[in-house]
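Try each one yourself before you read the solution.

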Amino acid sequence: MKTRIISALVALPLLLFIVVSGGLWLHLGIAVLGLVGMYEFNKAISKEVKGTHMIAYLFALIYVIFIDKIIYTSPLFSIFVSLFTIALLVYSVLCYQKTNYVEIVAAFFGFFYACFLLSHVYLVREYDHGKLLIWLAFISAFGCDTGAYFTGYFLGKRKLCPALSPKKTIEGSIGGIITSVALCLLYGVWINKYYPVANANILLLCGLVGLAGSVLSQIGDLAASSIKRQVGIKDYGNLMPGHGGVLDRFDSVIMTAPVLYYIMLFLIR
């Protein structure tokens, strides 16, 4: 417990600084976290660095450096994904004795899971009113976790998914969703009062993020547990002692950030 608290006290101010600063600092932070997350995932699957991983790291680096151009120019994203796929296929042909389809698929999936999804934190922060709305990704994820924990502790009886997470309960899951929606709506009320956003229904946006984000954050947590159980590890890494690695700590945020971003695309003009 002491180790967890110390790690949190060190990591939280750093996280706040990076997110509040935005721009280059957030760009660099997401790049580092995305690449570390990919390394954790690939190591969990293959136990060592493979040629397919190096290709994935290269394309991830290209993606995070040119993320603004790649994301906001649709043909470029299609070209990027096509070249990434082709590079892995070429490697599978040239080095067919050194690799297999599992490593190739894992390298491809690892990029989208650990880097692409997490990069939506940057995309939200740099979008219109992102400086205010980015916090919804964290409120939804961490609010759900906290609400689920306490609701499950006091009221939990029926197991949600005992094969993956024996302590999670249906009551806790529902409590997490309610807590997430409530906190997001309260944040929306605060925004409307002090920083009103023209031409956008902020309460609707916050409510949708709280609902969809909390559901998907729980799926993200269970999916991470599923992968770890299948490969026989407890944590993806030890970047934060007591908390695990990037994927252990941000498995919920990598689900809530994309939800927030795409809801913003539809509701903010």
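**Exercise 1: a loop residue**

Asn100 sits in the loop between α5 and α6 (101-116); helices here are DSSP runs of H or I with at least four residues, numbered from the N terminus. This is a predicted model, where local features need pLDDT of at least 70, side-chain atom pairs count only at pLDDT 80 or more, and totals for chains, interfaces and linings use all residues. Residues are numbered from 1 along each chain as its sequence is written, and side-chain values use heavy atoms, leaving out hydrogens and water.

Task: work out how accessible Asn100 is and what its side chain meets.

- Step one: Asn100 has 33% relative accessibility, so it counts as partly exposed (buried is under 20%, exposed over 50%, partly exposed in between, with a 1.4 Å probe and protein chains only).
- Step two: a polar atom of the Asn100 side chain lies 3.0 Å from the backbone nitrogen of Glu103.
- Step three: Thr52 is 48 residues away from Asn100 in sequence, yet the C-alpha atoms are 9.5 Å apart.

**Exercise 2: an arginine**

- Step three: a polar atom of the Arg125 side chain is 2.8 Å from the backbone oxygen of Val20.

Definitions and conventions. Polar contact = N/O pair within 3.5 Å; in protein donor to acceptor, adjacent residues only side chain to side chain. Helix = DSSP H or I, 4+ residues; strand = E, 2+ residues; numbered from the N terminus.
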